[in-house]
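Please look over the sequence and the model shown below before reading on.

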Amino acid sequence: MKHDIRRIVLAAVIPLFLIFVLYLMKLLEIGMDWDFTRLGVYPMEKKGVFGIFAHPLVHGSMRHLLANTLPLFFLSWCLFYFYRQIAPYIFFSIWMGCGALTFIIGKAGWHVGASGIIYGLAFFLFFSGILRKHVPLIAISLLVTFLYGGLVWNMFPFFAKATTSWEGHLSGAIAGILCSVAFMEYGPQRPNPFADEEMEEQETEEEKEEAEEKKTEEKEEENVP
């Protein structure tokens, strides 16, 4: 029980720290009357390259940040809880992949916010659970679909608002899918239902070999004059 609680708490450390940084950035921006928009991605322009790294830290408004807070925390917690061995690599890959793809396919303008990471995490958790065919991970896939299935529409320009970076959402989704395939052989895997039987067979074979060796030794001792 204590071990499970410890895992739950540890999985929340990085998501909570990230959210703390996001709110600190927004409060500094408001309190100091600064504008961090230029830390975002500006597609195919030199001035927007740094945004590949920094764009998830900046939000257009407090309302924008509040809308992203809960899904970002929940999805990143799921990642660090169920995929704790490889979670940092996946999170970093989605972060960078989302920014890089937005830089390539985005429309002219500053793209900011952690929405792309949210899409990346949602699509990773969904497709990874399906590909691994592991019951707990499939359950997470279904939960993500139930909670955030409606996110899909904001990936396309026909349904997204004019002020919404559908390119960032689409980039995050692509990054998440690619990570689910690239990391499929790493992290939690479906247990082999025949593993115990194989172990028993190996033990039986070893016992037979030992018995045969004993018989051989006994015969050799009998043949000694």
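The model is a predicted one, in which local features need pLDDT of at least 70 and side-chain atom pairs count only at pLDDT 80 or more, while totals for chains, interfaces and linings use all residues. Residues are numbered from 1 along each chain as its sequence is written, and side-chain values use heavy atoms, with hydrogens and water left out.

The protein has 8 helices and 0 strands, where helices (H or I, at least four residues) and strands (E, at least two) are DSSP runs numbered from the N terminus. Of its 225 residues, 39% count as buried; buried means under 20% relative accessible area, exposed over 50%, and partly exposed in between, with a 1.4 Å probe and protein chains only. Among contacts (heavy atoms within 4.5 Å) between residues at least 6 apart in sequence, 78% join residues at least 24 apart.

The largest nonpolar core holds 37 residues, of which Leu72 and Leu79 touch the most other members. Helices α1, α3 (62-82), α4 (87-105), α5 (115-132) and α6 (135-148) each supply at least two residues of this core, and the largest share, 8 residues, comes from α3. Such a core is a set of buried Ala, Val, Leu, Ile, Met, Phe, Trp, Tyr and Cys residues joined through side-chain atoms within 4.5 Å. Apart from neighbours within four places in sequence, Leu72 is in contact with Leu18, Ile19, Leu22, Ala114, Ile117, Ile118 and Leu121.

His169 lies in helix α7 (residues 166-182). Leaving aside neighbours within four places in sequence, the residues in contact with His169 are Ser115, Gly116, Tyr119, Asn154, Met155 and Thr164.

The table gives the relative accessible area of a few residues.

| Residue | Relative accessible area | Class |
|---|---|---|
| Leu24 | 41% | partly exposed |
| His169 | 8% | buried |
| Cys78 | 1% | buried |
| Cys179 | 6% | buried |

A search of the whole structure finds 0 disulfides, a disulfide being a pair of cysteine sulfur atoms within 2.5 Å.
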